[in-house]
Amino acid sequence: MTKIRVGLVFGGKSGEHEVSIRSAKSIYEALDKNKYDVVLIGIDKAGKWLLAETVRFKALAENPKRPALPYASRTDEILPFTKSNSTHLISPYTGQNFQTIDVFFPIVHGTYGEDGSLQGLFELLDTAYVGAGVLGSGIGMDKDVMKRLLQQNKIPVGKCKVLKKYEVKDNILNDVIRNLKLPLFVKPANLGSSVGVSKVNNREELQKAVHQAFQYDTKVLIEKYIRGREVECSVLGNDSPIASLPGEIIPRHEFYSYEAKYLDENGAELIIPAQIDKKTTKKIQSMAIKVFRTLECSGMARVDFFLTADNKVIVNEINTLPGFTRISMYPKLWDASGIPYTQLLDTLINLAIEKKKDRDLLIREYK
Ligand SMILES: Nc1ncnc2c1ncn2[C@@H]1O[C@H](COP(=O)(O)OP(=O)(O)O)[C@@H](O)[C@H]1O
Ligand SMILES: [Mg+2]
């Protein structure tokens with residue numbers, strides 16, 4: 001049997017560079033080497049691609065606190081390039097052909113990885129890739145567009161006011177406070193890992209938080225505060241997606257902030273599966289699938305909810321390239337639902353190849 005050549009792409013220009021390296025390390029170790037030849041492709045913090053040969057990658061990812069890729073040098077810098085139906089990694093300097101790739105497995109979280117841009121590159125290369133396509137990735141990244149689509153499909157989301165930079169005028173924040181009531185959550189529309197997210201308790205804090213969020217994005221959401229448990233559900237599939245058992249996050253900080261997620265080891269507790277009654281579990285699962293379909297996703301996504309004291313399920317957001325270390329919620333929920341880590345990777349790769357085959361059948365020109 002010829003092995004499938006998987007290009008595992010990680011790192012990237014976003015604030016989730018370090019997390020991505022940890023996810024990639026777990027994936028690399030778990031991929032069945034009898035089935036796959038794994039090619040490690042790192043994206044450094046400047047956005048350059050490099051061939052991250054095994055030994056160095058391992059040492060680097062074992063660096064406990066904040067592993068980061070070295071900057072690409074002339075010798076290990078690569079460019080993906082497609083020629084006669086096959087995708088190669090070549091040196092931009094010498095043209096040397098390093099590897100060929102059958103399917104990309106991007107595990108680059110956040111901007112330039114999860115937002116459709118990397119997926120656009122894979123489309124242009126005409127190569128199979130794991131996860132959502134350009135549209136699903138873009139929608140999933142934009143919390144404003146995401147909410148509008150969910151609302152249109154009668155899926156409950158929290159109330160919010162979306163602000164573009166030019167709309168910030170004197171009275172608008174007062175109007176928001178009057179309509180949505182304090183406390184409020186402020187967040188950049190297109191980011192992740194709680195970067196730029198603040199909880200505010202008064203007018204002054206709101207103004208500061210809005211100013212801060214605009215440093216990260218040109219569009220900002222001010223959301224009504226939702227008091228509830230934070231429950232997450234993993235979805236897997238293309239045309240017939242399935243949902244895992246839900247899990248619960250109990251943040252030990254005021255909310256599930258960047259510190260709680262990555263810096264403080266005891267920042268949050270993951271309860272898998274969540275202690276939720278059967279009926280609510282079913283409701284969360286079917287809603288997660290509906291969200292996945294509504295937002296044009298494929299492959300995988302983690303859908304995050306608030307569960308209120310009166311059992312209302314409200315969608316917070318979707319993550320199309322969720323954290324993927326062995327202790328991350330997405331794979332752990334599948335493990336608890338009967339799909340162990342390595343099998344999950346096989347399924348994702350198969351889904352990527354299937355999706356590419358379906359798209360290859362499409363007619364691209366006028367006949
Ligand atoms: N409207 C809200 N009400 C209560 N808590 C919120 C609200 N929005 C966000 N949070 C808290 O902030 C965290 C990060 O917000 P989220 O929208 O998930 O952004 P990110 O995409 O950065 O993860 C959530 O996990 C939750 O703890
Ligand atoms: Mg979140």
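## A tour of the ligand 1 site

Begin by selecting ligand 1 and S193: an oxygen atom of the ligand is 3.2 Å from a polar backbone atom of S193, a polar contact in the sense of a pair of N or O atoms within 3.5 Å. This is a predicted model, in which local features need pLDDT of at least 70 and side-chain atom pairs count only at pLDDT 80 or more, while totals for chains, interfaces and linings use all residues. Residues are numbered from 1 along each chain as its sequence is written, chains are lettered from A and ligands numbered from 1 in the order in which they are written, and side-chain values use heavy atoms, leaving out hydrogens and water.

Next, select S194, where a backbone N or O atom lies 2.5 Å from an oxygen atom of ligand 1. Then show the side chain of K143: one of its N or O atoms is 2.6 Å from a ligand oxygen atom. Of the 550 Å² of accessible area that ligand 1 has on its own, the protein covers 96% (Shrake-Rupley method, 1.4 Å probe).

Now display the shell: 18 residues surround ligand 1, each with a heavy atom within 4 Å of it. By class, seven are nonpolar, four polar and seven charged. Domain 2 (149-154 + 227-359) and domain 3 (159-224) each supply at least three of the shell residues.

Finally, move to K147 in helix α5 (residues 143-152). K147 is buried, at 4% relative accessible area (buried means under 20%). Beyond its neighbours within four places in sequence, K147 is in contact with V157, G158, C160, L221 and E223 (heavy atoms within 4.5 Å).

Conventions:
A polar contact is a pair of N or O atoms within 3.5 Å; within protein, one must be able to donate a hydrogen and the other to accept it, and residues adjacent in sequence count only if both atoms are side-chain atoms. Ala, Val, Leu, Ile, Met, Phe, Trp, Tyr, Cys and Pro count as nonpolar, Asp, Glu, Lys and Arg as charged, and the others, Gly among them, as polar. Domain bounds come from an automatic or database domain assignment. Helices (H or I, at least four residues) and strands (E, at least two) are DSSP runs, numbered from the N terminus. Buried means under 20% relative accessible area, exposed over 50%, partly exposed in between (1.4 Å probe, protein chains only).
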